[in-house]
Amino acid sequence: MQTPLMLVVFNRPDHVLKSFERVRQTRPQRLFIASDGPRADRQEERQAVMASRAIAEQVDWPCRVTKIYSDTNLGCAKRVSTAIDTAFDSVDRLCILEDDCVADSSFFRFVDCLMDRHEDDDWVTTVTGNNHQDGLQRGSGDYYFSKYSHCWGWATWRRAWKHFDFPLKPWRTYVEQKAFCEMLSERLEYKYWLSTWEAIRRGKLNSWAIPWLFSQWSVGGLTATPNVNLVENIGFDDRATHTSDQQSALRTAAGTLEQFRAPADVARCVEADRFVDAKMFSGTYRRPNPIKQFRQWYAARSAA
């Protein structure tokens, strides 16, 4: 793998074993290992943190390794974002995998290819390995462009990360920007993201991914998204920060891509984004239930 890779680990050595094995197979030339410190009120966590780091340090191929470790607990948002800041002090592109993300081998090739292909396309701000379209194919290529930068295995450039804003600026700073407004054309969708922004501002949601998404929207940035899910998130358990629901519809096995054909249309796939919004976020674009629609039609017809 040519693109520098960051593996983010914490306190789940069993997950690190699986994710790191895929990293070992792809043999990146540059590896950053990022780790938060154990929480002060959980004495037993230190051993798990040390074990996770030890697994990620088992590099047995030619590789330049940089450790970005914290002795104290910074929290999810600050640890990940500051680690990426540190990496971009020395590289101009970066692929990020968290310890519960197990990538198919084609994900790493996909990243390498698209990081080269779209290096100078300022409107492309992220390459993701995630697909939440439930098998629906979008566009004419092997990937399409979305406003959502799914973060279970992703990559970006220094030129894009420079727009990252954390903590978030006042909401009006964003909504007055035309590019941001164009991403949120529906009222319910706007209200959903406004409440999410408020939760982050008030410290109720510990996330770096939402500020990153907002930062991209503020400059009209889009994400290259594969038509096949390339990274499986195995972290759906009670140890997770954001994915504790083991029955979540977001649990998707990883497939593979043999080719990386570019889409014919260099534009955002609105239909795909509406599908994601309905499945994961505000639900603004949920399709009506056909049975309910028929009953309403029949009731109206009978009343007439």
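**Exercise 1.** Is Lys-169 buried, partly exposed or exposed?

*Solution.* The model is predicted: local features need pLDDT of at least 70, side-chain atom pairs count only at pLDDT 80 or more, and totals for chains, interfaces and linings use all residues. Residues are numbered from 1 along each chain as its sequence is written, and side-chain values use heavy atoms, without hydrogens and water.
Step 1: take the cut-offs, with buried under 20% relative accessible area, exposed over 50% and partly exposed in between (1.4 Å probe, protein chains only).
Step 2: Lys-169 has 39% relative accessibility, so Lys-169 counts as partly exposed.

**Exercise 2.** Find the salt bridge partner of Lys-169 and classify that partner.

*Solution.* Step 1: a salt bridge is a side-chain nitrogen of Lys or Arg within 4 Å of a carboxyl oxygen of Asp or Glu.
Step 2: Lys-169 pairs with Asp-165, the closest N and O atoms being 3.7 Å apart.
Step 3: Asp-165 has a relative accessible area of 9% and is therefore buried.

**Exercise 3.** Describe the salt bridge of Arg-39.

*Solution.* Step 1: the partner is Glu-45, with the closest N and O atoms 2.3 Å apart.
Step 2: Arg-39 is partly exposed at 27% relative accessible area, whereas Glu-45 is buried at 5%.

**Exercise 4.** Describe the salt bridge between Asp-273 and Arg-268.

*Solution.* Step 1: the closest N and O atoms are 2.9 Å apart.
Step 2: Asp-273 is buried, with a relative accessible area of 2%, and Arg-268 is partly exposed, with 24%.

**Exercise 5.** State how many salt bridges the structure holds, and name a network.

*Solution.* Step 1: the structure holds 15 salt bridges.
Step 2: a network of salt bridges links Arg-12, Asp-99 and Asp-100.
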